[in-house]
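Please keep the sequence and the structure in view while reading.

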Amino acid sequence: MEIFEDGDLRTCLSAPPYYRAMDGKYADEALYLEDGTRIEFQPAGAQRITIYSPPGRPVTTLERGAPSLSASECQGGADDVQRKLSHWAAQ
């Protein structure tokens, strides 16, 4: 997950060979993804957030870090899936 200064964000979920990249927005201690998902969280320090799921139980804590190889692989896989879907839809 990458959150930009203006509150826009992009995320990529991977379970190879399945990848899903989504854009979204950060506001009011929640992440809003383009598919309608709302993810609540609380700051857990200057560079960390804890994500919650209903009914408010902590799920995981994310810590800020440099983009990793797995993030690049996820984004590349999601781009490849999108190209294949677009090609299939055009036929």
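**Surface patch and overview**

Met1, Ile3, Tyr26 and Leu62 together form a nonpolar patch on the surface, with about 340 Å² of accessible area. Patches are made of residues with over 30% relative accessible area and no salt bridge, where like charges are joined within 9 Å and nonpolar side chains (Val, Leu, Ile, Met, Phe, Trp, Tyr) within 5 Å. Accessible areas come from the Shrake-Rupley method with a 1.4 Å probe, and for residues only the protein chains shown count as cover.

The model is predicted, so local features need pLDDT of at least 70 and side-chain atom pairs count only at pLDDT 80 or more, while totals for chains, interfaces and linings use all residues. Residues are numbered from 1 along each chain as its sequence is written, and side-chain values use heavy atoms, with hydrogens and water left out.

**Overall architecture**

- The chain has one helix and seven strands; helices (H or I, at least four residues) and strands (E, at least two) are DSSP runs, numbered from the N terminus.
- Along the sequence, these elements follow the pattern β-β-β-β-β-β-β-α.
- Of the 91 residues of the chain, 18% count as buried; buried means under 20% relative accessible area, exposed over 50%, and partly exposed in between (1.4 Å probe, protein chains only).
- The accessible surface of the chain comes to about 6,900 Å², and 52% of this belongs to carbon and sulfur atoms.
- Among contacts (heavy atoms within 4.5 Å) in the chain between residues at least 6 apart in sequence, 15% join residues at least 24 apart.

**The start of the chain**

- Methionine 1, a member of the surface patch, is placed in the segment before strand S1 (2-3).
- Methionine 1 is partly exposed, its relative accessible area being 46%.

**Nonpolar core**

- The largest nonpolar core has eight residues in all: Leu9, Met22, Leu31, Leu33, Ile39, Phe41, Ile49 and Ile51.
- Strand S4 (30-33), S5 and S6 are the elements that give two or more residues to this core.
- A nonpolar core is a set of buried Ala, Val, Leu, Ile, Met, Phe, Trp, Tyr and Cys residues joined through side-chain atoms within 4.5 Å.
- In soluble globular proteins, nonpolar side chains tend to be buried together.
- Threonine 11, in strand S2, counts as buried at 7% relative accessibility.
- Leaving aside residues up to four places away in sequence, threonine 11 touches Met1, Arg20, Ala21, Met22 and Leu33.

**Strand pairing and hairpins**

- S4 and S5 run antiparallel and are joined by three bridges; two strands pair if DSSP finds at least two bridges between them.
- In this pairing, alanine 30 stands opposite glutamate 40 in S5.
- S4 and S5 form a hairpin with four residues between them, and glycine 36 in the turn has a positive phi of about 95 degrees.
- S5 and S6 also run antiparallel, joined by four bridges, and glutamine 42 stands opposite threonine 50 in S6.
- The hairpin of S5 and S6 has four residues between the strands, and glycine 45 in the turn has a positive phi of about 120 degrees.

**Loop residues**

- Glycine 45 lies in the loop between strand S5 (38-43) and strand S6 (48-53) and is partly exposed, with a relative accessible area of 48%.
- The C-alpha atoms of glycine 45 and glutamate 63 are separated by 9.1 Å, the two residues being 18 residues apart along the chain.
- Aspartate 28, in the loop between strand S3 (18-27) and S4, has a phi near 50 degrees, a positive value in a residue other than glycine.
- Aspartate 28 counts as exposed at 69% relative accessibility.
- Glutamate 29 lies in the loop between S3 and S4, and its phi, near 55 degrees, is a positive value in a residue other than glycine.
- At 39% relative accessibility, glutamate 29 counts as partly exposed.

**Salt bridges**

- Two salt bridges are counted under the rule that a side-chain nitrogen of Lys or Arg lies within 4 Å of a carboxyl oxygen of Asp or Glu.
- Aspartate 8 forms a salt bridge with lysine 25, and the closest N and O atoms are 3.0 Å apart.
- Aspartate 8 lies in strand S2 (residues 8-15) and lysine 25 in strand S3, so this pair ties together parts that are 17 residues apart in sequence.
- Aspartate 8 is partly exposed at 32% relative accessibility, and lysine 25 is partly exposed at 35%.
- Arginine 38 and glutamate 40 meet through their side chains in a salt bridge (2.9 Å, N to O).
- Arginine 38 is partly exposed, with a relative accessible area of 43%, and glutamate 40 counts as partly exposed at 42% relative accessibility.
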